[in-house]
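Let's take a walk through this structure together. Have the model open beside the text, and follow along as the pieces come up.

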Amino acid sequence: MIRSVILGSGSALPGAAVTNAQLAERVDTSDAWIVERTGIRQRHLAGENDTTSSLATTAAQRALAAAGVDAAAIDLIVLATATPDQTFPATATMVQNNLGCNGGIAFDVAAVCSGFLYALGTADSMLRTGMARRALVIGAETFSRILDWEDRTTCVLFGDGAGAIVLEAQDGAGNDRGVITTKLHADGAHNELLYVDGGPSTTGTVGKLRMRGPEVFRHAVVNLASVLKETLASSGHTADDIDWVVPHQANSRILDATARKLGLPAEKIIVTVDQHANTSAASVPLAFDTAMRDGRIKQSDLVMFEAMGGGFTWGASLVRI
Ligand code: UT7
């Protein structure tokens, strides 16, 4: 049986951190409100020369270095983003060209904040069916470009960044390292709760992010608890078996509520929302890379990735590191 094993991770953040207090100088908000309602303390915002592809390329290079894999060995790049450099071609093809590994498969997936889970599930399926041997799975965003900086209910919540992992198809006999199972869902009935009010085939503009936060919050807690239970049940594991949960970093209150529903202790949840804010598709691999590099997540740990975002889309993936 073939398993998709994580060989290494990397991440990239643009520029210096922008604190809540700095944001409050240009937006009608306060550090106290943002911290109390979201847990966010700072975020990184893309500078003039930063793009989704430049952040993704840096994260990919760091993941390749951590994995000890040469870019030439990569034959699949799946990049999750809702903020591509151009409407087309796919940002993944730009990363491929930057890395100098042209010729393999490269494409983007659009599942907003669940994008990394969708990308991971897609890459895992392709590796297990033999379409490719070594993949880069990337989540990269420059959400600051689609924020309405006049709308304090959304602009304080998001940040920019990228995270990447290297996956390799390995013979799974003898151990259970690699992606064990991934469960993905979508429910297109909730477009008006979280969307961008523009696009190539409608307005011909890029548009700005719109969100009805409290409604999204309620759906997030229910959907995440449900998909986490589904993922555990399908793999025959219990919440007690999990060493670490690496969740989408939207709001620390969502992380707490989901953990409580599953009976998971807060110490097992990797939290980076305070440092990075919500970086959409980049948030799960950014949090994962943070915990890999500071030594919390180690080889053979059982890790649950989970995310929920616009669409709605949501999913979870159980992985033995
Ligand atoms: O990544 C995809 C998934 N996204 C999410 O999961 C986001 C989910 N939603 C949330 O995280 C929360 O709903 C928010 C953080 C967006 C909002 O928190 P909330 O506790 O639900 O606040 P609220 O929207 O109910 O607003 C409470 C008050 C309002 O004032 P009034 O009407 O009570 O007087 C807002 O106008 O807070 C006010 N407010 C602000 N005040 C200062 C809203 N934004 C701000 C702000 N600064 N930035």
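Where is F312 found? F312 sits in the loop between β12 (302–309) and β13 (313–320); helices (H or I, at least four residues) and strands (E, at least two) are DSSP runs, numbered from the N terminus. A cis peptide bond links G311 to F312, with omega at about -15°.

Before going on, a word on what you're looking at. This is a predicted model, where local features need pLDDT of at least 70 and side-chain atom pairs count only at pLDDT 80 or more, while totals for chains, interfaces and linings use all residues. Residues are numbered from 1 along each chain as its sequence is written, and side-chain values use heavy atoms, with hydrogens and water left out.

Back to the backbone. Most residues other than glycine have a negative phi, and most peptide bonds are trans. Another cis peptide bond joins F88 and P89, this time with omega about 0°. You'll find P89 in the loop between β4 (76–80) and α4 (91–99). Then there's V112, which isn't a glycine but has a positive phi of about 50°. Look for V112 in the loop between β5 (105–109) and α5.

Now zoom out. The chain splits into domain 1 (2–171) and domain 2 (178–320), with bounds that come from an automatic or database domain assignment. Taken over C-alpha atoms, the centres of domain 1 and domain 2 are 14 Å apart. Domain 1 brings 53 residues to the contact and domain 2 brings 49 residues, where contact means heavy atoms within 4.5 Å.

How much area is buried between domain 1 and domain 2? It comes to about 3800 Å², with carbon and sulfur atoms giving 62%; buried area is the accessible area (1.4 Å probe) that two parts lose on being put together, summed over both. On the domain 1 side, C113, L117 and I146 lose the most area to domain 2, together 17% of what that side buries.

The two domains also share 22 residue pairs in polar contact (both at pLDDT 80 or more). A polar contact is a pair of N or O atoms within 3.5 Å; within protein, one must be able to donate a hydrogen and the other to accept it, and residues adjacent in sequence count only if both atoms are side-chain atoms. β1 gives the most to the side of domain 1 that touches domain 2, with eight residues.

What about charges? Side chains of opposite charge can pair when their charged atoms come close. A search of the whole structure turns up nine salt bridges, each being a side-chain nitrogen of Lys or Arg within 4 Å of a carboxyl oxygen of Asp or Glu. Between domain 1 and domain 2 the count is one salt bridge. Elsewhere on the list, R210 and D148 meet through their side chains in a salt bridge (2.9 Å, N to O). The side chains of D28 and R152 form one too (3.5 Å, N to O). D28 lies in the loop between α1 (20–23) and α2, and R152 in helix α6 (residues 152–155), so this pair ties together parts that are 124 residues apart in sequence.

R152 turns up again at the ligand. Which residues come nearest to the ligand? Of the 23 residues around it (a heavy atom within 4 Å), the nearest are T29, R37, R152, N251 and N278. A backbone N or O atom of R152 lies 2.9 Å from a nitrogen atom of the ligand. An N or O atom in the side chain of N251 is 2.7 Å from a ligand oxygen atom, and a polar side-chain atom of N278 lies 2.7 Å from an oxygen atom of the ligand.

Last stop: A250, in the loop between β11 (244–247) and α8 (252–262). Leaving aside neighbours within four places in sequence, A250 is in contact with I40, V273 and N278.
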